[in-house]
Amino acid sequence: MRRTTIGQQGSRTALPGPRGDKGGGVVPVLAFAGITVAVMQTLLVPVIKDLPSLLGTDPANATWVMTATLLAGAVATPIMGRLGDLHGKRRMLLASLAVMVVGSLICASTDELVVMIAGRALQGFAMGAIPLGIGIMRDVLPREKLGSAMALMSSSIGVGGGLALPAAALVAQHADWHALFLGSAALGVLAMTLTVLVVPEPPLRAPGRFDLVGALGLSLGLVCLLLPVTKGGDWGWSSPLTLGLIGASVVVLVLWGLFELRSPAPLVDLRTSARREVLLTNLVSIMVGVAFYAVSLVLPQLLQLPASTGYGLGQSMVVAGLCVAPLGLTMMFVAPLYARISARRGPKVSLMLGMLIIAIGYGAGLGLMSAAWQTVVIAVVLGAGIGLAYSSLPALIIGAVDASETGAANGLNTLMRSIGTSLSSAVIGMVLANTSVRMGAVDVPSMEGFRTSFMIATGAVLIGLVLAAFLPAQRPARPVLLASSAGDALTAAESAPAAAPVSAPERRTPAP
């Protein structure tokens, strides 16, 4: 696979394709990096109820240990994607992993709440590795391998989260909880080493400079939006602080959008993002994020509640993690299936099929909550649907944007999934709290709350299915100018209007 760029005088210069001697290992290494950073989201789930005592604080403050990771990940994904487009995706991938390792080591060495929150924020910053990995795959892999590779990378969010639950539970049950962070640091170092040895640096660069003002504006707007979403249950949904932050987020994001529209090199190209295929794909991503996190919240609690409640399954922390693990494993195994469906019918069909399977899984789950094996069935069905849906999203985005925007566009799409998980956490957390029942000295989630949560997830999936139906079935191929450096890209952009049009064989066909 060779790429061309139009030079200053309109001549075409061949750019190097993927390194054949190393290409075979690129996909598993990038997928491993994605799984590694995804582990950070569920790393502390097995000990979340013990965090107040472990950190010597109250439950409201302890939740910041989880919230910090979420906020940092949401801010990092579009920013790191854009930096990768400008300065090299492999370089930014290594930077993301390095920040995660530093954060893990900080967390492993402290019991102080503030220091722990800072370390967890650094761990969350590594979420930018997901869109960077997808961008590298587009740049270095031949077209016939791209579909299944992107599917695996996109699914790594669920795979890492699913596999981390039983592993983290086992460590937390038999070792000091700080060992969780030492393990994540070791995973990060291994991912960095493999990336240096195996993954080439794509020569493609986007023109322009990094939009610092846009990055700061987006970060402030996201923090003002996600803070009340994640903490509204503690603060009160009608409290002045919650309403004030939501209002501030609206003002900041509107001003940020106006600035981005006037910027010659925006952090996020809002005109591209407003295209029907991009806008609808991002909206569907929110719905898939809601669906993915709902099962992650409900099943572990149902499995670990004591049988004396009348509906709890009385399983240990480790067994509960093992029952939920098929969610992530199934997501990984459906990647080849996605590639076949997408090659024949297109990513729109595979996305809609995935959403339909998710809806069936949640619908069946309403009546399959009375035994541990039934939760495994739910996890497998939902994993298959979420895996198909997640695998389709980057293909739809990549098929709608220029190669120089791959990192930023996929970063924004990953951000939409994060917003979906945040909304899911807030809404389902509120439902479970408001429907809880008193058992002895504590309040525990009720079966009514679990079923209501599943119905909310089903509703979100059906909304996503309707949105996906309006996606274009076929996208025409568009000429894309690729450059080996930011300077060459700028030259190409300036000279393109005067140059001869790219002939049909040289047009870049979007990945199916």
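Predicted model: local features only at pLDDT ≥ 70, side-chain atom pairs only at ≥ 80, totals over all residues.

Colleague: Is Thr281 buried or exposed?

Modeller: Thr281 belongs to helix H13, which covers residues 276–304. Leaving aside its neighbours within four places in sequence, Thr281 is in contact with Leu393, Leu396, Ile397, Asn413 and Leu471. Because the relative accessible area of Thr281 is 0% and the cut-off for buried is under 20%, the residue counts as buried.

Colleague: Which residues is Ser453 in contact with, leaving aside its neighbours within four places in sequence?

Modeller: Ser453 sits in helix H19, made up of residues 447–469, and is buried, with a relative accessible area of 0%. Once its neighbours within four places in sequence are left aside, the contacts of Ser453 are with Val298, Ile428, Val431 and Leu432.

Colleague: What volume does the largest cavity have?

Modeller: Rolling a probe the size of a water molecule over the atoms shows where empty space is left. Searching the whole structure gives 3 cavities of 30 Å³ or more. For the largest cavity, the computed volume is about 70 Å³.

Colleague: Which helix gives the largest share of the lining of the largest cavity?

Modeller: The residues that line the largest cavity are Gln41, Met127, Ile157, Phe292, Tyr390, Thr414, Arg417, Ser418 and Thr421. By class, this lining has 4 nonpolar, 4 polar and 1 charged residues. The largest share, 4 residues, comes from residues 406–434, that is, from helix H18.

Technical notes: Residues numbered from 1 in each chain as written. Heavy atoms only, no water. Helix = DSSP H or I, 4+ residues; strand = E, 2+ residues; numbered from the N terminus. Buried < 20%, exposed > 50% of the residue type's maximum accessible area, 1.4 Å probe, protein only. Contact = heavy atoms within 4.5 Å. 1 Å grid on protein atoms, 1.4 Å probe; cavity = no way out; pocket = protein on both sides within 12 Å on 5 of 7 lines; lining within 4 Å. Points joined across faces, edges and corners; volume = space filled by probe spheres on them. Nonpolar A, V, L, I, M, F, W, Y, C, P; charged D, E, K, R; others polar.
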